[in-house]
Amino acid sequence: MVHFVGAGPGAPDLITVRGYNLLRQADVVVYAGSLVNPELLQGCKPGCRCYNSAKMTLEEVVSVLESASKNGCEVVRLHTGDPALYGAIREQMEALDALGVPWDVTPGVSSFSAAAAVMGAEYTLPGVSQTVILTRCAGRTPVPEGEALSSLASHGASMVLFLSTGLAEQVQADLLAGGYDPDTPAAVVYKASWPEERILRCTVGTLAGTVAASGLKQTALITVGDFLSGTVERSKLYDPGFSHGWREAKP
Ligand code: SAH
């Protein structure tokens, strides 16, 4: 059996209990070495074979997963954050299906959740934005037509950009072209939950300069939107004058 497991954003104690238990029981682990914290592998049992997929092709990964699983091993395919976001898991699932290898998925804490946590931020604020757009800037890998950053930017929603810090100039230009005010708050979060974590607060208009001055290129998220600014309207959920299924309004 192959278990796709979300490793979480970096801090070893941000993997789920289920993911950690699978990792402890695994005979073979294939981990995304460019982003997964290697400290997590210290929880593996003695003799567990660990492969760094950063150096492997899809064919090589699938071959390791298949042969280990068919030899009766418990196999963990460890992806960073939550595997359902930019994890390239679907192609592995389809290859395993074609080979008759069973698999399941254990979700993880995505880096976009960790970024909000370390900033003490909430993406969905009443009266500010009730939508979070998770996306990336087109670079060497294109994005589908209709998902151009400038068109997504036209919503003015809270936005989180993965895999785009190396393209900050383009990101800034697209966000401005899409209609964000240059003063809209932005923040670049590098290695959320790792010891070397950094938070660079800026605005859409100063984003590219801030990223260039920091030298950051990888393992960072760009977050954008008025959710990062100071003033907040209170929620209906906890408003004494608002009734809902669990509580009557107080006069
Ligand atoms: N599945 C992962 C995303 C993988 S794509 C998740 O759910 O988080 C890799 C990108 O994720 C990186 O380029 C970076 O943009 C982001 N990323 C991953 N870990 C991060 C972290 N700890 N802090 C900030 N960004 C991170």
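Which residues have the most contacts inside the largest nonpolar core? In this predicted model, they are Met159, Val171, Leu175, Val188, Leu207 and Val224.

## The nonpolar cores

The largest nonpolar core has 24 residues. Two or more residues come from each of these elements: helix H5 (149–153), S7, helix H6 (168–178), strand S8 (185–190), strand S9 (198–203), helix H7 (207–214) and S10. Another core, of 16 residues, lies apart from it, and Ala7, Tyr31, Val76 and Leu78 are among its members. As a general point, nonpolar side chains in soluble globular proteins tend to be buried together.

Leaving aside residues up to four places away in sequence, Val188 touches Thr165, Arg198, Ile199, Leu200, Leu207, Val211, Leu216, Ala220, Leu221 and Ile222. One of these, Leu207, is also among the core residues with the most contacts.

## The overall fold

The protein has seven helices and ten strands. Its C-alpha atoms fill a box of roughly 60 × 50 × 35 Å, taken along the principal axes. Of the 251 residues in the protein, 43% are buried.

Contacts can also be sorted by how far apart the two residues are in the sequence. Among contacts with a separation of 6 or more, 66% are between residues 24 or more positions apart.

## Strand S7

Strand S7 covers residues 158–162, and five of the five are buried, so the strand is largely enclosed by the rest of the structure. Both of its faces are covered. Ser158, Val160 and Phe162 are buried on one side, while Met159 and Leu161 are buried on the other.

S7 pairs with two strands described here. Strand S6 (residues 132–136) runs parallel to S7 and is joined to it by five bridges; within this pairing, Leu134 has Val160 as its bridge partner. Strand S10 (residues 220–224) pairs with S7 in the antiparallel sense, over three bridges. Here the bridge partner of Met159 is Val224. Met159 and Val224 are also both among the residues with the most contacts inside the largest core.

## Around helix H7

Val204 lies in the loop between S9 and H7. Because its relative accessibility is 0%, Val204 counts as buried. Not counting residues up to four places away in sequence, Val204 touches Gln172, Leu175, Leu176, Tyr180, Asp181, Pro182, Thr184, Ala186 and Val224. One of these contacts, Thr184, is 20 residues away along the chain, and the two C-alpha atoms are separated by 5.6 Å.

Ala208 is in helix H7 itself. Its relative accessible area is 14%, so Ala208 is buried. With residues up to four places away in sequence left out, Ala208 touches Ala168, Glu169 and Gln172. Gln172 and Ala208 are 36 residues apart along the chain, yet 6.3 Å separates their C-alpha atoms. Gln172 is also one of the residues that Val204 touches.

## A buried serine in a loop

Ser53 is found in the loop between strand S3 (49–52) and helix H2 (58–70). Is Ser53 buried or exposed? Ser53 counts as buried because its relative accessibility is 9%. Beyond residues up to four places away in sequence, Ser53 touches Val30, Tyr31, Ala32, Gly33, Val61 and Arg77.

## Cysteines

A disulfide is a covalent bond between the sulfur atoms of two cysteines. How many disulfides does a search of the whole structure find? The search finds zero. The sulfur of Cys48 has its closest cysteine sulfur in Cys50, 4.1 Å away, and this is too far for a bond. Cys137 is in no disulfide either, as the nearest cysteine sulfur, that of Cys202, is 15 Å away.

Both Cys48 and Cys137 are buried. Cys48 has a relative accessibility of 15%, and Cys137 has a relative accessible area of 1%.

## The ligand site

The ligand is surrounded by 18 residues, and the closest are Leu85, Ser110, Ser111, Ala192 and Ala220. A polar side-chain atom of Ser111 is 2.7 Å from an oxygen atom of the ligand. In Ala220, a polar backbone atom lies 2.7 Å from a ligand oxygen atom. Pro9 has a backbone N or O atom 2.8 Å from a nitrogen atom of the ligand. Ala220 is also one of the residues that Val188 touches.

Key:
Residues numbered from 1 in each chain as written. Predicted model: local features only at pLDDT ≥ 70, side-chain atom pairs only at ≥ 80, totals over all residues. Heavy atoms only, no water. Buried < 20%, exposed > 50% of the residue type's maximum accessible area, 1.4 Å probe, protein only. Helix = DSSP H or I, 4+ residues; strand = E, 2+ residues; numbered from the N terminus. Pairing = 2+ DSSP bridges. Contact = heavy atoms within 4.5 Å. Disulfide = S-S within 2.5 Å. Core = buried A, V, L, I, M, F, W, Y, C linked by side-chain atoms within 4.5 Å. Near = heavy atom within 4 Å. Polar contact = N/O pair within 3.5 Å; in protein donor to acceptor, adjacent residues only side chain to side chain.
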